[in-house]
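Colleague: Hi! Could you walk me through this model? I'll ask as we go.

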Amino acid sequence: MNIMNVAEMIIAYCNEKGIEITNLKLQKLLFFYQKNHYLKNRNLAFNETFSAYKYGPVNERVWIKYKNINLQNETRELTVDEQKNIEANLGYFLYSEVWFLVDESHKSQVWKNNVVFHRGLMHNNELIKEWENEI
């Protein structure tokens with residue numbers, strides 16, 4: 001799976017369930033999807049990386065694709081397995097306010113270490129080490 005597929009699934013799920021979705025919220029949901037998938041499966045859902053922006057982790061490729069698009073207008077049918085996948089990896093994060101998600105993403109030490117460099121790259125191996133400490 002790649003990050004664009006996961007982004008499309010998250011957007012479709014939110015639109016299907018009437019959950020507000022913005023590009024900023026999508027970025028945080030992608031970050032927590034990656035984290036939760038790793039904690040449950042001990043492997044990454046996708047290999048793409050995040051950069052440390054002021055408002056938390058951002059995947060620049062996804063940000064650029066959706067920066068000028070109203071995500072509420074994006075539609076796609078989800079399979080039952082895709083719905084279960086989104087729910088299993090995001091749970092209550094889906095229904096959380098965007099600023100709660102921003103605050104939660106700011107708890108990442110990897111983000112803190114890289115944001116000082118203004119959009120420093122958050123390497124997956126550093127995130128894995130951090131997440132391993134949460135187990």
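Modeller: Happy to. One term to start with: helices (H or I, at least four residues) and strands (E, at least two) are DSSP runs, numbered from the N terminus. The expected span of a helix is 1.5 Å times one less than its number of residues. This is a predicted model, so local features need pLDDT of at least 70 and side-chain atom pairs count only at pLDDT 80 or more, while totals for chains, interfaces and linings use all residues. Residues are numbered from 1 along each chain as its sequence is written, and side-chain values use heavy atoms, with hydrogens and water left out.

Colleague: Good. Why does the span of helix 1 agree with what it should be?

Modeller: Helix 1 covers residues 3-17, and at 1.5 Å a residue those 15 residues should span 21 Å; the end C-alpha atoms are 21 Å apart, so the two agree.

Colleague: And what happens at its ends? Which residue caps the N-terminal end of helix 1?

Modeller: Asn2 does, with a side-chain oxygen 2.8 Å from the backbone nitrogen of Met4. Just after helix 1 comes Gly18, with a positive phi of about 75°.

Colleague: Which residues of helix 1 are buried?

Modeller: Buried means under 20% relative accessible area, exposed over 50%, partly exposed in between (1.4 Å probe, protein chains only). In helix 1 the buried residues are Ile3, Met4, Val6, Ala7, Met9, Ile10, Ile11, Ala12, Tyr13 and Cys14.

Colleague: What do they pack against?

Modeller: Taking a contact as heavy atoms within 4.5 Å, they pack against helix 2 (23-41), strand 1 (50-53), helix 3 (60-66) and helix 4 (80-90).

Colleague: On to helix 2. How many of its residues are buried?

Modeller: Helix 2 is mostly covered, with 16 of its 19 residues buried. From first C-alpha to last, helix 2 reaches 26 Å, close to the 27 Å expected. Arg42 follows helix 2 and has a positive phi, near 60°.

Colleague: Which residues form the aromatic cluster?

Modeller: Phe31, Phe32, Tyr38, Phe46, Phe50, Tyr92, Phe93, Phe100 and Trp131 form one cluster.

Colleague: Now zoom out. What does the secondary structure of the whole chain come to?

Modeller: Seven helices and three strands, running α-α-β-β-α-α-α-α-β-α from the N terminus on. Of the 135 residues, 48% count as buried. Among contacts between residues at least 6 apart in sequence, 73% join residues at least 24 apart.

Colleague: And how far does the C-alpha trace span?

Modeller: About 40 × 30 × 25 Å along its principal axes.

Technical notes: Polar contact = N/O pair within 3.5 Å; in protein donor to acceptor, adjacent residues only side chain to side chain. Phe/Tyr/Trp six-rings, centres within 6.5 Å; stacked < 30°, edge-to-face > 60°.
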